[in-house]
Amino acid sequence: MKTASVELHLDVRGLRKRTGGPQDILDAWNSSVAQIFGRTLHTGDSADLLLPDHRKLSYFVISTPAPVVVTDQTDFSIYSLTEVPNAYPPCRYCARVDQRRAGFFKCDQCKEERGTGLCFDHVRLLRNAIRKSKVIATCEEHLPKCECNERAEFWCLGPGCGGRVAWCSRHQMQHPTSREVYCSKCYQQIYPACAVGSCNEVAHNRCEHVDPAVGEPCGRSVCNIHVTRWQVFGYEKIGLARCQQHRGIRALSDLEVAWQLVAGTALRHLRGAQNKYNLPTLPSLKNILLKARRQKYSARSVLVFFLTVEDQLKQIRQASSLHRKMQDLITRARPRWKEQVETEEKEINEGMLLMERLKAILAQSGMSDFISVIELSDYRPRFFKGPTPRPALFVRLPQHLVPRFIGKDGVKIKGLSQRLGVEVKIERLA
Ligand SMILES: [Zn+2]
Ligand SMILES: [Zn+2]
Ligand SMILES: [Zn+2]
Ligand SMILES: [Zn+2]
Ligand SMILES: [Zn+2]
Ligand SMILES: [Zn+2]
């Protein structure tokens with residue numbers, strides 16, 4: 001038959017803060033009870049037990065049916081505990097009406113009121129007050145105000161405010177796709193509005209037009225739909241962004257276009273994109289001018305535009321950092337540009353020689369009437385892409401002579417190409 005158990009009260013304050021709940025208390029008891037094996041317990045007895053780690057556990061015998069000699073078979077029941085009192089100071093608002101509630105929170109501004117806290121009812125937590133690292137709690141008196149003097153409703157976690165500035169609901173902005181709220185300034189940074197008034201798209205592109213008079217970028221925000229890119233850095237790189245006002249090349253002179261390319265590139269360098277963007281090549285400038293003007297430029301002629309920009313920059317008395325960067329970029333690009341001119345001129349020569357040979361072939365082929373009207377349009381040494389690019393010779397002809405030049409099923413033009421050793425093509429100007 002099982003004997004009735006010894007009923008105990010334990011004082012666990014000696015375990016200090018290391019009590020992790022009931023199991024911790026039981027472990028402490030089990031690891032120290034052997035100290036009283038052999039002792040006779042009576043109702044009302046009490047003693048301290050010392051744990052191996054020097055913490056202390058005290059017991060008080062509430063009742064035992066009869067004096068008990070303690071063995072490892074003795075059955076104990078723990079009925080009550082004395083614990084470390086709550087570590088939180090009382091809530092000072094509750095204290096004013098004679099209530100005691102734990103003040104879990106502390107107002108950062110209430111430095112003079114040490115030793116008091118704020119309970120769940122009396123703490124004021126604005127939206128975004130609970131962060132990963134800490135909680136920004138305030139009391140009623142120290143509720144933050146918005147810059148407009150209204151009572152603040154939320155802490156703005158945006159790039160400008162960094163969670164340190166609180167705002168009222170009138171200054172609260174929220175994007176339909178996000179759950180986060182921001183002040184209007186931070187919102188503008190995260191969700192810039194498109195410069196096209198009727199557009200609701202978020203506009204992350206900034207116009208890179210530079211006003212030559214002041215040396216400042218336009219900076220208008222434009223969405224992906226309304227941005228125009230001058231694709232002057234090659235196809236794999238992001239071209240210069242233009243807003244609707246500044247996208248047109250026709251409104252600019254050739255020289256102004258060159259100026260914009262240098263200024264836009266310099267702007268990117270000043271913003272930290274150093275090694276990514278070289279000044280556009282001469283063929284790039286030729287290309288955008290060709291598209292805008294429908295007119296062909298030689299590499300040498302567009303080089304003159306760039307060098308004129310350089311002269312203009314040298315004449316500026318108080319050069320800004322942008323102006324200096326522009327000059328620097330031109331100085332660095334010049335050797336490359338010179339090579340591009342030489343390459344192009346060499347290729348033009350090759351083209352003219354090929355043209356002379358083609359005329360000779362025409363004379364031998366009973367097509368002498370073509371010789372006086374056929375013109376060289378373009379010689380493109382790398383027209384056919386591939387591991388070994390192949391050239392093409394583009395020629396211009398009066399429209400009525402085209403069918404005879406091509407021949408049935410292209411037989412004529414193929415034969416001419418074969419004898420010339422270079423593919424002959426007829427230029428079709430759009
Ligand atoms: Zn309270
Ligand atoms: Zn306060
Ligand atoms: Zn903000
Ligand atoms: Zn406000
Ligand atoms: Zn837009
Ligand atoms: Zn613009």
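Q: Between which two helices is aspartate 409 found?
A: This is a predicted model, in which local features need pLDDT of at least 70, side-chain atom pairs count only at pLDDT 80 or more, and totals for chains, interfaces and linings use all residues. Residues are numbered from 1 along each chain as its sequence is written, while chains are lettered from A and ligands numbered from 1 in the order in which they are written. Helices (H or I, at least four residues) and strands (E, at least two) are DSSP runs, numbered from the N terminus. On that numbering, aspartate 409 sits in the loop between α8 (402-406) and α9 (411-420).

Q: Is aspartate 409 buried or exposed?
A: A residue is buried if 20 or more other C-beta atoms, placed from the backbone, lie within 10 Å of its own, exposed if 12 or fewer, and partly exposed in between. Aspartate 409, a residue other than glycine with a positive phi near 55°, has 7 C-beta neighbours inside 10 Å and therefore counts as exposed.

Q: How does asparagine 128 count, with its C-beta neighbours inside 10 Å?
A: Asparagine 128 belongs to the loop between α2 (92-96) and β7 (154-156), and its phi is positive, about 70°, although it is not a glycine. Because it has 18 C-beta neighbours inside 10 Å, asparagine 128 counts as partly exposed.

Q: Which residue of β4 is the bridge partner of alanine 47?
A: Strand β3 (residues 46-50) lies largely in the open, because the number buried among its five residues is zero. Two strands pair if DSSP finds at least two bridges between them, and five bridges join β3 to the antiparallel strand β4 (residues 56-63). The two form a hairpin with five residues between them, where histidine 54 in the turn has a positive phi of about 75°. Within this pairing, the partner of alanine 47 is tyrosine 59.

Q: Why do the buried residues of α6 line one face of the helix?
A: The buried residues of helix α6 (residues 299-315) are Ala299, Val302, Leu303, Phe305, Phe306, Val309 and Leu313. Seen down the axis, they line one face because the directions from the helix axis to their C-beta atoms fall within an arc of 150°.

Q: Which helices are included in what covers the buried residues of α6?
A: On the other side of α6, Asp311, Lys314 and Gln315 are exposed. Two residues are in contact if their C-beta atoms, placed from the backbone, lie within 7 Å. What covers the buried residues includes α4 (254-270), α5 (282-293) and α7 (321-364).

How values were computed. The expected span of a helix is 1.5 Å times one less than its number of residues.
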